[in-house]
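User: I would like to learn how to read the features of a protein model. Could you guide me through one?

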Amino acid sequence: MTIEEAIEHFLRDLAIGQAERTVRTYATALNHFCEFLDQSCFDPAATPASKLTSDHALDWVRWLDEERQLARVTLSTYTTALLRFYSHLVLEGLIGMSAEEHEQLQHRMHTIRGRTPHQQLPKVPPDEVVAKIMRTARAAPYDPGNHRQRLRHLRNIATVEMLRSSGMRVGELVSLRRGDLRPQDHTAIVTGKGNKQRIVYFDEPSWRAMQSYLRIRQDGKTGQALGRLPVLARHDRGAGDKILPISTNTVRKVLNDLIKLAGVDEYGVTPHSFRHYFATKVLEATGDLGATQDLLGHASPNTTRIYAKLSSKILRKAHEKAFGR
């Protein structure tokens with residue numbers, strides 16, 4: 001089996017149970033590895049995978065750092081991708097590397113790439129900025145007599161309201177189907193990273209905005225199974241009469257347009273900023289790190305803990321509890 005064939009085999013296996021974005025990132029990393037091999041020693045399309053050694057992996061990390069000048073986080077991710085590929089080669093018996101040699105390779109690669117940089121605190125938009133974006137979405141100009149424009153207007157309101165109140169990732173938002181909604185308690189079941197499911201919650205304004213939009217859309221006339229239709233749909237001429245889901249790029253464009261209308265460009269608000277805003281609000285209101293972790297769908301509490309550092313209220317309460325005012 002050639003190196004390229006081994007990579008294809010590895011990526012096919014990886015796709016089982018892994019998020020599509022992870023597979024794409026690992027494929028990009030391994031494309032860089034093939035480029036390095038082609039430039040430095042041999043053609044990966046014609047060379048057996050058994051020719052690969054620890055030195056090829058180590059030299060590749062150095063090459064990436066010097067030639068590509070990647071961000072440290074990206075370099076760390078790419079290194080992880082190659083290590084997993086080498087683990088695949090060892091498990092499949094495609095290279096003659098002992099477990100001890102493999103462990104040494106992992107240690108050396110981690111040493112070469114250096115420490116991962118300190119995690120920067122995410123930027124959380126202030127309450128007044130979020131409120132202004134919400135008001136702007138409702139007040140945005142449109143032609144009430146134009147059905148497509150009316151649908152886009154209501155959809156855009158629902159989009160930002162759902163982001164604000166649920167903490168969903170933008171990819172989760174655009175993947176939401178009508179069958180995922182649970183009207184009895186104003187929640188939805190979403191599928192997040194690693195195909196893990198969780199329940200997300202909506203407050204009254206966001207649920208009303210969503211339902212107002214869906215009522216005007218009148219999906220029942222399409223004859224399609226209602227539960228399989230997207231919650232947020234396209235309303236451009238290209239979509240025609242079909243109920244097609246919007247893309248993450250559409251969400252970004254909608255938000256960027258509203259930010260410009262609201263005059264809050266300087267805050268650098270993105271769809272993911274609403275997730276940071278949501279996490280901080282929940283943690284400040286409850287002080288419950290575990291609940292915040294579950295609502296966000298974080299696999300590790302360490303990821304959620306970053307929001308505790310953002311809130312002066314939480315840290316102030318902790319200090320007062322220990323030392324008083």
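Analyst: The discussion below goes from the overall chain to its core, its charges and some individual residues. Please keep in mind throughout that this is a predicted model.

User: Let us begin with the whole chain. How many helices and strands are there in the chain?

Analyst: The chain holds 14 helices and three strands. Its C-alpha trace spans about 65 × 65 × 35 Å along the principal axes.

User: What percentage of the residues of the chain count as buried?

Analyst: The chain has 325 residues, of which 41% count as buried.

User: How should I read a nonpolar core?

Analyst: In soluble globular proteins, nonpolar side chains tend to be buried together. In this model, the largest nonpolar core has 43 residues, and those with the most contacts inside it are Ile133, Met162, Leu176 and Phe202. The elements that give two or more residues to this core are helices H6 (127–139), H7 (147–166), H8 (170–175), H9 (204–217), H10 (248–262) and H11 (271–286), together with strand S2 (187–191).

User: Which element gives the most to this core?

Analyst: That is H7, with seven residues.

User: How should I read a salt bridge?

Analyst: Side chains of opposite charge can pair when their charged atoms come close. The count here is 14 salt bridges, taking a side-chain nitrogen of Lys or Arg within 4 Å of a carboxyl oxygen of Asp or Glu. One of them joins Asp59 and Arg62, with their closest N and O atoms 2.9 Å apart. Both residues lie in helix H3, three residues apart, about one turn of the helix. Asp59 is partly exposed, with a relative accessible area of 35%, and Arg62 is also partly exposed, at 34%.

User: Which side chain meets that of Arg234 in a salt bridge?

Analyst: The partner is Asp236, at 2.9 Å from N to O. Arg234 counts as partly exposed at 29% relative accessibility, and Asp236 is partly exposed as well, at 28%. Elsewhere, salt bridges that share partners join Arg138, Glu161, Arg164 and Asp203 into one network.

User: Which residues gather in the patch of negative charge on the surface?

Analyst: Glu4, Glu5, Glu8, Asp38 and Asp43 form that patch. Helix H1 (residues 3–14) gives the most to the negative patch, with three residues. Asp43 is found in the loop between helix H2 (20–40) and helix H3 (54–68). Since residues of a patch need over 30% relative accessible area and no salt bridge, the accessibility of Asp43 is worth noting: this residue is partly exposed, at 37%.

User: How do I read the backbone angle phi, and where is His186 found?

Analyst: His186 is found in the loop between strand S1 (181–182) and S2. At 19% relative accessibility, His186 counts as buried. Gln218, also not a glycine, has a positive phi of about 55°. Gln218 lies in the loop between H9 and H10 and is partly exposed, with a relative accessible area of 43%.

User: Where do Ala99 and Glu66 lie?

Analyst: Ala99 has its place in helix H5 (residues 99–113), and Glu66 lies in helix H3. Ala99 is exposed, with a relative accessible area of 63%, and Glu66 counts as exposed at 57% relative accessibility.

Definitions and conventions:
Residues numbered from 1 in each chain as written. Predicted model: local features only at pLDDT ≥ 70, side-chain atom pairs only at ≥ 80, totals over all residues. Heavy atoms only, no water. Patch = residues over 30% accessible without salt bridge, like charges linked within 9 Å, V, L, I, M, F, W, Y side chains within 5 Å. Areas by Shrake-Rupley, 256 points an atom, 1.4 Å probe, with all protein chains shown as cover. Lys, Arg positive; Asp, Glu negative; His and termini not counted. Charge placed at Lys NZ, Arg CZ, Asp CG, Glu CD. Helix = DSSP H or I, 4+ residues; strand = E, 2+ residues; numbered from the N terminus. Buried < 20%, exposed > 50% of the residue type's maximum accessible area, 1.4 Å probe, protein only. Core = buried A, V, L, I, M, F, W, Y, C linked by side-chain atoms within 4.5 Å.
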